[in-house]
Amino acid sequence: QVSISVRQPACAHTPHRLWRRRSGWQVHRPSMGAEGSNCHKGVGSEHEVSDGKKKKKKDKKEKKQKKSKKDRSDSSDSSEDPWAHHRTSVEVSSGVQLNSLLEAFELCDPARSGYVRDHARFAEVAMRLTGLRDSADSFWHQLDRDGNGAVSFPEFVEWAQMNRVALPIGLTGGTGDVGPGGIAFPSTWKGPRDPRVAVGWNQRTMVTDGKLFAELQQMLDLTYKKVWTRDRKATGNNQVPDGYKLVRAMHSENFSDWNRYYLKRHRLVQDCANGGWLQQYQPLTAQASGICARHTLRAEVCNEWLLFHGTSANAAEAICRGDFTMHLSGSATGTLYGRGTYFAESITKADEYAKADAEGNCCALVCRVAGGQVLYNEQVEPSGPAMQDMVLKDGLYHSIIGDREKCRGTFKEYVVFDADQVYVEYILVYKREYAAVPAS
């Protein structure tokens with residue numbers, strides 16, 4: 001059992017006061033003098049106090065009124081995070097203080113596996129952090145959003161932010177991955193960058209830039225393989241297409257998903273660095289240098305790739321709006337390498353799971369995938385559950401590459417078990433192209 005207590009800000013004479021507005025929570029802080037906070041400010045001579053008493057009282061009242069008016073103004077007028085000034089720390093019974101969400105997460109994950117699994121331990125920490133009282137199962141239901149039974153650091157951070165836990169995230173290190181406020185937006189981001197405005201941002205926009213469209217078509221061309229597998233039968237046409245023509249593309253931006261992906265990727269970068277080694281794997285999509293360069297993938301430090309995921313148009317939009325659901329993993333692609341989410345480096349493989357509409361248009365997602373330490377397998381009949389445990393329970397690896405190209409002459413398959421390792425960049429709508437049949 002974990003015994004912890006919450007320490008409030010040191011200066012008890014100047015407590016922070018919170019009130020709620022439609023635009024969110026605001027923090028009112030007492031005015032600070034040049035010498036420090038009011039409770040530490042020095043006092044002048046008795047003569048100065050006597051002569052200037054009325055004037056100072058009047059000035060103080062006016063200053064307070066102006067400040068109060070300013071604090072009540074619309075939060076969109078400032079990019080400052082109001083919670084940045086309202087910090088608490090968590091103190092363990094041994095005297096160790098937790099000053100960040102990262103430290104709180106590691107308290108829940110003593111084995112340093114990268115995941116929280118102990119419901120009771122988390123509930124004890126959660127009650128102290130939030131002041132709420134609830135059952136362990138209820139707390140866990142709030143926490144395990146993707147339903148895979150193991151909670152990652154991004155899920156933990158999102159839960160803490162939803163419950164107004166006033167601790168900094170705690171991302172540090174010399175990776176160059178952390179932007180102002182802890183989260184940096186990708187260079188391709190077109191939406192709002194103020195976190196308070198971007199928090200609900202979840203949009204798809206049509207790709208109209210000719211160069212970008214050409215880069216996506218090139219990605220289809222370079223990853224095409226004239227290879228058949230039995231999964232092709234599910235498309236209704238057992239013939240492998242001779243190519244794929246991009247009809248339209250939409251760029252997806254989902255702040256919540258990016259926030260979680262960014263945090264997870266940062267943790268993978270640190271884990272790979274701490275491990276002292278990283279076996280890099282270059283997928284077929286890396287040949288599409290234009291689109292890969294556009295997204296500044298971090299392949300060299302955490303095996304970050306762009307990969308395909310074939311699906312239907314409706315499922316693609318649902319994934320973009322909500323994220324991959326791990327408790328449904330394997331329902332469409334099987335569980336050869338465990339109950340994870342499967343991705344392809346070849347559009348031909350992804351196309352086996354795409355569903356054509358009435359006009360013959362098919363759909364595939366282009367996703368960032370942070371692979372981290374990869375469990376590589378080239379066995380004909382691998383043990384899916386055992387490999388899944390090596391990723392989720394042992395914490396030795398972060399993803400799996402099943403090399404069916406080597407053992408069967410077909411395709412490599414990329415598998416992850418944490419939705420936070422995936423971020424959807426594009427929805428591609430394309431047509432299957434077949435060579436014309438010569439007239440008899």
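Here are a few friendly notes on this predicted model.

1. Some ground rules: residues are numbered from 1 along each chain as its sequence is written. In this predicted model, local features need pLDDT of at least 70 and side-chain atom pairs count only at pLDDT 80 or more, while totals for chains, interfaces and linings use all residues, and side-chain values use heavy atoms, without hydrogens and water.

2. On confidence, the chain has an average pLDDT (the predictor's confidence in each residue, from 0 to 100) of 79, and 71% of the residues score at least 70. Please look carefully at residues 5-50, where pLDDT stays under 50 and the model has 68 contacts (heavy atoms within 4.5 Å) beyond four places in sequence. Residues 327-331 also have pLDDT below 50, with eight contacts beyond near neighbours in sequence.

3. H6 (residues 153-162) packs against H9 (residues 255-275) at about 130°, the axes lying 8 Å apart; axes are lines fitted to C-alpha atoms over the stretch in contact, and angles run from 0 to 180 degrees between N-to-C directions. On the H6 side, the meeting residues include Phe153 and Val157, and on the H9 side Leu263 and Arg267.

4. Two backbone values deserve a glance. Arg164, in the loop between H6 and H7 (195-198), has a positive phi of about 60° without being a glycine. Asn303, between H11 (299-302) and strand E8 (304-311), likewise is not a glycine and has a positive phi, near 50°.

Note on methods:
Helix = DSSP H or I, 4+ residues; strand = E, 2+ residues; numbered from the N terminus.
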